Amino acid sequence: MKIFFLNNDGGGFADQIDVAEGTTLGQLFQQRMPSCDPHSYLIRVNRQPAVAEEPLAEGCRVSVTPTKIQGATALA
Amino acid sequence: MKTKDPQLQMALKLQICLERRQAAPDDPLHAAIKGALSYARTLEQQLHCHELARQHGWLSAAVLVREQLSHQLRLLHRSVTDAVNQVHPVSALPQQTLRDLYDEIHQLSREFPEVDLDIKAGVVTAVTEDIELKGFYLGPFEIKLHLDRLAKAADSSVFEVAALDPHPAASNNEVTHPHVRDGEVCAGDATVPIATALREGRLVDAFLALNSVLHTYNPHSPFVGLDDWEGTPCADCGSLIDGDGSYFCHGCERDFCDDCASACDVCGATYCRGCLEEDVESGHQCCRECRQTCKACRRIVENEDFDRNSGLCPQCLENQQEEEVNPTAPNHPNPSQEQENNHESNDRQRPDDIGAEPINCDQAATAGAAA
């Protein structure tokens with residue numbers, strides 16, 4: 001099935017990806033961001049907070065935003 | 001469409017704004033390339049500094065610059081990735097409908113403690129929770145998105161960030177957060193995701209990314225580092241001083257750093273250099289309480305040597321006494337005689353001169369800071 005995956009870490013692009021039926025939110029996070037700690041991210045399914053065990057559905061919208069992003073001074 | 005629902009009204013306004021921007025789109029590729037070039041220029045300068053540090057054997061400086069190089073390289077990598085993505089956009093999200101934009105506004109009110117929609121001004125405001133970085137309380141911030149700016153550009157410049165309970169850096173009132181100056185936030189690593197989210201009408205993601213920047217401290221490139229956040233600027237040189245390193249001048253009643261503070265050689269009390277005058281005979285630096293001015297030669301004299309009855313320094317008193325014994329002697333020493341009598345002339349205006357203004361410590365501080 002296809003879902004929308006919005007990763008605001010790095011480039012922040014929205015992707016339409018294929019996932020297996022029955023895939024949970026936690027499994028998706030493991031697959032897409034294997035080296036990341038889910039506690040360091042705001043994760044939403046269809047704009048709502050969700051638990052790791054929540055199964056994903058066709059066409060759902062998953063967004064991932066890091067809770068810590070380094071700022072800087074203005075560009076030279 | 002007429003509605004009284006403010007969220008729907010704002011969604012409508014947002015839709016018009018996004019359509020207007022799409023009609024005259026900015027060129028994100030140019031912006032991304034400019035960003036990458038800017039990072040590359042800074043990287044080149046830092047590389048030069050690193051080479052210099054190594055050549056001179058400045059090991060601590062070399063380590064410091066190497067850390068900066070590493071961070072700058074990461075920023076360059078991100079910006080190049082962004083530029084490449086602009087050539088081959090990978091976003092697959094369909095264009096936001098009015099329903100999507102309404103959901104964005106609705107979600108925003110769930111993600112932040114307080115959200116305000118100013119329909120007339122076209123401003124969406126979200127208030128963050130209290131922000132504390134490395135033990136420094138900075139208070140809550142309000143993040144304002146100006147729709148008129150969004151109609152022209154899709155980057156962090158559409159936002160205005162203001163501290164609601166400001167705890168600015170001691171050295172600069174305009175810096176209310178290490179990465180916020182004068183209402184402008186430098187998004188750093190969030191630059192690309194914010195721009196992408198704004199281009200796609202994903203308001204919440206842009207707000208959340210900015211909120212994450214406000215909750216993070218990047219010690220490599222702040223406007224003012226947290227190490228220098230607190231303290232009082234020295235009234236002379238302007239360097240920041242903390243409570244232990246602060247010296248209170250009993251003359252002008254201001255705080256000075258260790259280097260700029262001094263003490264009266266007579267009473268031992270702390271004074272700044274601008275409030276002390278030297279008795280050239282004894283070589284002592286004297287405060288206002290411990291010095292007098294000879295009414296004849298204008299020399300600074302410490303109290304112990306000053307003759308209060310005559311108002312004269314020892315030399316002038318001696319001259320006066322000689323004059324009384326031998327009336328043919330000159331009445332008062334002229335400037336050349338002062339020097340012959342070892343009364344060193346001093347062209348500086350003395351604060352204790354009759355009718356003279358005391359030294360202006362503000363001017364002294366300004367001159368010191370400028371130096």
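**Close-ups of chain B**

**View 1. Helices H4 and H7 of chain B run roughly parallel to each other.** That label follows because angles under 35 degrees count as roughly parallel, over 145 as roughly antiparallel, 65 to 115 as roughly perpendicular and the rest as oblique. Here the axes of H4 (residues 98–111) and H7 (residues 203–214) cross at roughly 30 degrees and come within 8 Å. Axes are lines fitted to C-alpha atoms, for helices over the stretch in contact, with angles from 0 to 180 degrees between N-to-C directions. On the H4(B) side you'll find B:Glu104, B:Gln107, B:Leu108 and B:Glu111, which meet B:Leu203, B:Val204, B:Phe207 and B:Leu208 of H7(B). Contact here is between residues whose C-beta atoms, placed from the backbone, lie within 7 Å. The residues split into five nonpolar, one polar and two charged; Ala, Val, Leu, Ile, Met, Phe, Trp, Tyr, Cys and Pro count as nonpolar, Asp, Glu, Lys and Arg as charged, and the others, Gly among them, as polar.

A quick note on the model: it is predicted, so local features need pLDDT of at least 70 and side-chain atom pairs pLDDT 80 or more, while totals for chains, interfaces and linings use all residues. Residues are numbered from 1 along each chain as its sequence is written, with chains lettered from A and ligands numbered from 1 in the order in which they are written.

View 2. Helices (H or I, at least four residues) and strands (E, at least two) are DSSP runs, numbered from the N terminus, and two strands pair if DSSP finds at least two bridges between them. E8 (residues 180–181) joins E9(B) over two bridges, with B:Val180 opposite B:Val185.

**View 3. Strands E3 and E4 of chain B form a hairpin with two residues between them.** E3 (residues 131–133) and E4 (residues 136–139) pair in the antiparallel sense over three bridges. B:Ile131 has B:Gly139 as its bridge partner, and in the turn B:Lys134 shows a positive phi of about 50 degrees.

Methods
Contact = placed C-beta atoms within 7 Å.
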